[in-house]
Amino acid sequence: MSVYSKYADHILLNLLKEDDQLAYTEIFERYSRLLVNHAYKMTGNHDEANDVVQEVFLFIWNKRKELGITGSLSSYLYKATKNRILNHIAHEKVVSRYADSFSNFIKNDHVFADSKLQEKELETIIENEIALLPEKMREVFLLRKVEELSYDEIALQLNITDKTAKQQVYNSLKILRGKLKSALNVFIW
């Protein structure tokens, strides 16, 4: 048992602001499972719940020096998780509206003459961006998204922890979203 497990949350927060990775790990170990359960109750999807909690903890690490938590750490984490889920739901609604709009457009016989060509070009761009990911990250990403292995299966196959596998997939998606955002805008419009 780590000495950090005996520290109160406010002490861990102060250590976190001083770049103490062990304090971050203790906060993660203390709250991640509870937050995933909380997120799962809201989303009904384990992968989404895990992704949301990963985002919350990544945000906390990235903003550790700027965190201005006035109440309890647990309240902050629950609220941050809830807000991420609500943002995700709002985003999904926008995507759904766009998909409905696009579907209506297609139903009205407005078929793109070169849609197959655009689809192939987009597929090539995505494959190229995946190929540019760091080797280990790409391997984990492909096992998850192409082979559709669970995080536990990936961890077992690559001799890494499931948390590392989740983090690698999260980092891959973040990189790909950033790189593909402009390409998608071109193809959509």
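Predicted model: local features only at pLDDT ≥ 70, side-chain atom pairs only at ≥ 80, totals over all residues.
Two rings of Phe, Tyr or Trp count as an aromatic pair if their centres lie within 6.5 Å.

## Overall fold

The protein has eight helices and zero strands. Along the sequence the pattern reads α-α-α-α-α-α-α-α. Buried residues make up 31% of its 189 residues. Consider the contacts with a separation of 6 or more: 59% of them join residues 24 or more positions apart.

## The aromatic cluster

Searching the whole structure turns up four aromatic pairs. One of them joins Phe-28 and Phe-57. Phe-28 belongs to helix α2 (residues 21-43) and Phe-57 to helix α3 (residues 46-62), so the pair ties together parts that are 29 residues apart in sequence. Are Phe-28 and Phe-57 buried or exposed? Both are buried.

Tyr-24, Phe-28, Phe-57 and Trp-61 form one aromatic cluster.

## Charges over rings

The table gives two cases.

| Charged residue | Ring | Distance from ring centre |
|---|---|---|
| Arg-64 | Trp-61 | 3.8 Å |
| Arg-144 | Tyr-151 | 4.2 Å |

## How α2 meets α3

Two packed helices are described by the angle between their axes and the distance between the axes. The axes of α2 and α3 come within 8 Å. They cross at roughly 145 degrees. The crossing is right-handed.

Which residues make the contact? From α2 they include Tyr-24, Ile-27, Phe-28, Ser-32 and Leu-35. From α3 they include Ala-49, Val-53, Phe-57, Leu-58 and Trp-61. The residues of this contact divide into 13 nonpolar, six polar and one charged.

## A closer look at Ser-32

Ser-32 is found in helix α2. Why does Ser-32 count as buried? Its relative accessible area is 9%, and buried means under 20%. Which residues is Ser-32 in contact with, leaving aside neighbours within four places in sequence? They are Ile-27, Val-53 and Phe-57. Ser-32 itself is one of the α2 residues that make the contact with α3.

Terms used: Residues numbered from 1 in each chain as written. Heavy atoms only, no water. Phe/Tyr/Trp six-rings, centres within 6.5 Å; stacked < 30°, edge-to-face > 60°. Helix = DSSP H or I, 4+ residues; strand = E, 2+ residues; numbered from the N terminus. Buried < 20%, exposed > 50% of the residue type's maximum accessible area, 1.4 Å probe, protein only. Lys NZ or Arg CZ within 6 Å of the ring centre and 35° of its normal. Axes fitted to C-alpha atoms, helices over the stretch in contact; angles between N-to-C directions. Left-handed = near helix turned anticlockwise from the far one by under 90°. Contact = heavy atoms within 4.5 Å. Nonpolar A, V, L, I, M, F, W, Y, C, P; charged D, E, K, R; others polar.
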